[in-house]
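Please keep the sequence and the model in view while reading.

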Amino acid sequence: RSVKIDTYPEEAVNYYFEQTKRLYMESVDNNAEDYLALLERRGITESDMLSEAKALVKKDLALLYITQTEKISVTDAEKSSLFDKYVQRYVDTYGYDKAYVVENMSELIYESMLYDKTTEFLILNNTFKITEA
């Protein structure tokens, strides 16, 4: 199957763009001149950052399309059985406090479960053809 994206959700593109810009701005203590100099040193422009944001949204839209089309979901039983494993992953990977993750990040954990389940679906249901160069 193929899907064509005619327009990107502007709010989502702006979100990713602003997240990237904020990281760069914070790295230069929110100094606009230093921000522009940083971009120049890295050889990137805000246009490049916008393209990267669109690519991230494209990935999100593709994942959403597959999840909805294939009716992939995480059952209550899967949520219960996998929750502690995912909590520990967030603690180990990001250094969050376990109690904080349990109390405040359950929706993000469920999104991670759905992402992983969709990725597993793609791996199991696609044929990969490797050609020699």
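Where is the place of N30? N30 lies in the loop between α1 and α2.

## Basis of the report

This is a predicted model, in which local features need pLDDT of at least 70 and side-chain atom pairs count only at pLDDT 80 or more, while totals for chains, interfaces and linings use all residues. Residues are numbered from 1 along each chain as its sequence is written, and side-chain values use heavy atoms, with hydrogens and water left out.

Helices are DSSP runs of H or I with at least four residues, numbered from the N terminus. Buried means under 20% relative accessible area, exposed means over 50%, and partly exposed is in between (1.4 Å probe, protein chains only).

Most residues other than glycine have a negative phi. N30, although not a glycine, has a positive phi of about 60 degrees. With 52% relative accessibility, N30 counts as exposed.

D29 is found in this loop between α1 and α2 as well. The phi of D29 is also positive, near 55 degrees, in a residue other than glycine. D29 has a relative accessible area of 69% and is therefore exposed.

## Helix α2

Helix α2 comprises residues 32-42, and Y35, L38 and L39 are buried in it. They lie on the same side of α2, because they cover an arc of only 95 degrees around the axis; the arc is that of the directions from the helix axis to the C-beta atoms. The cover over the buried residues of α2 includes α1 and α3. On the other side of α2, E33, L36, E40 and R41 are exposed.

At the start of α2, a side-chain oxygen of N31 comes to within 3.0 Å of the backbone nitrogen of E33. After α2 comes G43, which has a positive phi near 70 degrees.

## Helices α3 and α6

Helix α3 (residues 46-69) packs against helix α6 (residues 106-124) at an angle of about 75 degrees, and their axes are 10 Å apart. Axes are lines fitted to C-alpha atoms, for helices over the stretch in contact, and angles run from 0 to 180 degrees between N-to-C directions. The two helices, α3 and α6, are therefore roughly perpendicular to each other, a term for angles of 65 to 115 degrees.

Contact means heavy atoms within 4.5 Å. K59, L63, I66 and T67 of α3 meet L114, Y115, T118, F121 and L122 of α6. The contact of α3 with α6 has 6 nonpolar, 2 polar and 1 charged residues. Here Ala, Val, Leu, Ile, Met, Phe, Trp, Tyr, Cys and Pro count as nonpolar, Asp, Glu, Lys and Arg as charged, and the others, Gly among them, as polar.

T67, a residue of helix α3, is buried, because its relative accessible area is 10%. A polar atom of the side chain of T67 lies 2.8 Å from the backbone oxygen of L63. Apart from neighbours within four places in sequence, T67 is in contact with I72, L114 and T118.

## Helices α4 and α6

Helix α4 covers residues 76-94, and its axis comes within 10 Å of that of α6, crossing at roughly 105 degrees. α4 and α6 are therefore roughly perpendicular to each other. Among the residues of α4 in this contact are L82, F83 and Y86, and those of α6 include I109, Y110 and M113. By class, the contact of α4 with α6 divides into 9 nonpolar, 2 polar and 5 charged residues.

Technical notes
Angles under 35 degrees count as roughly parallel, over 145 as roughly antiparallel, 65 to 115 as roughly perpendicular and the rest as oblique. A polar contact is a pair of N or O atoms within 3.5 Å; within protein, one must be able to donate a hydrogen and the other to accept it, and residues adjacent in sequence count only if both atoms are side-chain atoms.
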